[in-house]
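Subject: Structure for you to look at

Hello,

Here is the structure for your first exercise. Please open it and keep it in view while you read the notes below it.

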Amino acid sequence: QVQLVESGGGLVQAGGALRLSCAVSVSISSLNAMGWYRQAPGKQRELVARMISGGDTNYADSVKGRFTISRDNAQNAVYLQMNSLKPEDTAIYYCHALGMVAAWTYNYWGQGTQVTVSS
């Protein structure tokens, strides 16, 4: 069972920055993809950033140029650097891991960390 634990959320003013961390209980090199999703009140959960095992990344259009996903294989951790934060970035941010074994797909989620951006 893969466990994900997020940290680093908080309250920040618009234009500020935060760095989210996700501690992973297994070697992240064994996973097919790692990512960050967010869910704002009354909205569906959406992809923010994702990194596949080969290192390729993709971002939601709304965060391109402001957010950066990275990983540290030695620490089994994934990060989300968020710069130039906007009030609309306010949401609960979830770490996600994707594992694939043969025909089976496994999705793992953290408990979420709150990010609040004040105007």
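R45 lies over the face of Y94, at 3.8 Å from the ring centre. A charge counts as sitting over a ring if NZ of Lys or CZ of Arg is within 6 Å of the ring centre and within 35 degrees of the ring normal. The charged end of R19 also sits over a ring, that of Y79, 3.9 Å from its centre.

Some notes on the source: this is a predicted model, in which local features need pLDDT of at least 70 and side-chain atom pairs count only at pLDDT 80 or more, while totals for chains, interfaces and linings use all residues. Residues are numbered from 1 along each chain as its sequence is written, and side-chain values use heavy atoms, with hydrogens and water left out.

The sheet. An open sheet is formed by 4 strands in the order β1-β3-β8-β7, with antiparallel pairing. Strands are DSSP runs of E with at least two residues, numbered from the N terminus, and two strands pair if DSSP finds at least two bridges between them. β1 (4-7) and β7 (67-72) stand at the edges with a single partner strand each, so one side of each has no neighbour in the sheet. β1 pairs with β3 (residues 18-24) in the antiparallel sense over 4 bridges, and E6 stands opposite C22 in β3.

E46. This residue is found in strand β5 (residues 46-52). E46 is partly exposed, with a relative accessible area of 34%; buried means under 20%, exposed over 50%, and partly exposed in between (1.4 Å probe, protein chains only). Leaving aside neighbours within four places in sequence, E46 is in contact (heavy atoms within 4.5 Å) with W36, Y37 and R38. The side chains of E46 and R38 are joined by a polar contact of 2.7 Å. A polar contact is a pair of N or O atoms within 3.5 Å; within protein, one must be able to donate a hydrogen and the other to accept it, and residues adjacent in sequence count only if both atoms are side-chain atoms.

Two loop residues. Most residues other than glycine have a negative phi. N76, in the loop between β7 and β8 (77-82), has a positive phi of about 50° although it is not a glycine. S84 also has a positive phi of about 50° and is not a glycine; S84 lies in the loop between β8 and β9 (91-101).

Regards
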